[in-house]
Amino acid sequence: NRFRETQCGGRCSMAEALYLDGAPVRKTCEMSLTPCLSLILDGNEYRLRGMIYGGRNHFTCRIIDKHGQVWYFDGMAKPGAAVFERVVTLQEDLEWLCTVDDRKLMYLLYT
């Protein structure tokens, strides 16, 4: 984006692109994401299938399968195993998806 270009120039290091420690963008840019279960863009419906969280130099994720089951994966805590959390519905408040274990929601993945 234009802000990143003004702070980092035309090219960014991997740390700057990922907002890791030492990146000038991280120090000046706070973002907040609010997930929604489905989006309609250009007449196509996209459903939320994944969320990536970051914090304390560690990334974790949640995956939502086609049945609405939410699975949490932390490769350091439980290598190779996703843990079932609950089934998500369209009627419920999705605020609980914004954080996990002191990590903030960084990316939403739709398919």
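Trainee: Is Thr60 buried or exposed?
Mentor: This is a predicted model, so every value is computed from predicted coordinates. Buried means under 20% relative accessible area. Thr60 has 3%, so Thr60 counts as buried. Thr60 is placed in strand β3, residues 58-64.

Trainee: Which residues does Thr60 touch?
Mentor: Leave out residues up to four places away in sequence. Thr60 then touches Met51, Ile52, Tyr53, Tyr72, Phe73, Asp74, Val100 and Arg103.

Trainee: What about Met76, buried or exposed?
Mentor: Exposed means over 50%. Met76 has a relative accessible area of 65%, so Met76 is exposed. Met76 lies in the loop between β4 and β5.

Trainee: How many residues does the largest nonpolar core have?
Mentor: Such a core is a set of buried nonpolar residues joined through side-chain atoms. Here the largest one has 13 residues. Leu37, Met51, Tyr53, Ile64, Val88 and Leu97 have the most contacts inside it.

Trainee: Which strand supplies the largest share of this core?
Mentor: Strand β2, with three residues. β2 spans 44-55, and both β2 and β4 supply at least two core residues each.

Trainee: Now aromatics. How many aromatic pairs does the structure hold?
Mentor: One. For such a pair, read the distance between ring centres and the angle between planes.

Trainee: Where in the chain do Trp71 and Phe84 sit?
Mentor: Trp71 is in strand β4, residues 69-73, and Phe84 is in strand β5, residues 82-87. They are 13 residues apart, and the pair links distant parts of the chain. Trp71 is partly exposed at 28%. Phe84 is also partly exposed, at 38%.

Trainee: Which ring does the charged end of Arg86 sit over?
Mentor: The ring of Trp96, 4.0 Å from its centre.

Trainee: Last item. How many disulfides does the structure hold?
Mentor: A disulfide is a covalent bond between the sulfur atoms of two cysteines. The structure holds zero. Cys36 is partly exposed at 27% relative accessibility. Cys98, at 11%, counts as buried.

Note on methods: Residues numbered from 1 in each chain as written. Predicted model: local features only at pLDDT ≥ 70, side-chain atom pairs only at ≥ 80, totals over all residues. Heavy atoms only, no water. Phe/Tyr/Trp six-rings, centres within 6.5 Å; stacked < 30°, edge-to-face > 60°. Helix = DSSP H or I, 4+ residues; strand = E, 2+ residues; numbered from the N terminus. Buried < 20%, exposed > 50% of the residue type's maximum accessible area, 1.4 Å probe, protein only. Lys NZ or Arg CZ within 6 Å of the ring centre and 35° of its normal. Core = buried A, V, L, I, M, F, W, Y, C linked by side-chain atoms within 4.5 Å. Contact = heavy atoms within 4.5 Å. Disulfide = S-S within 2.5 Å.
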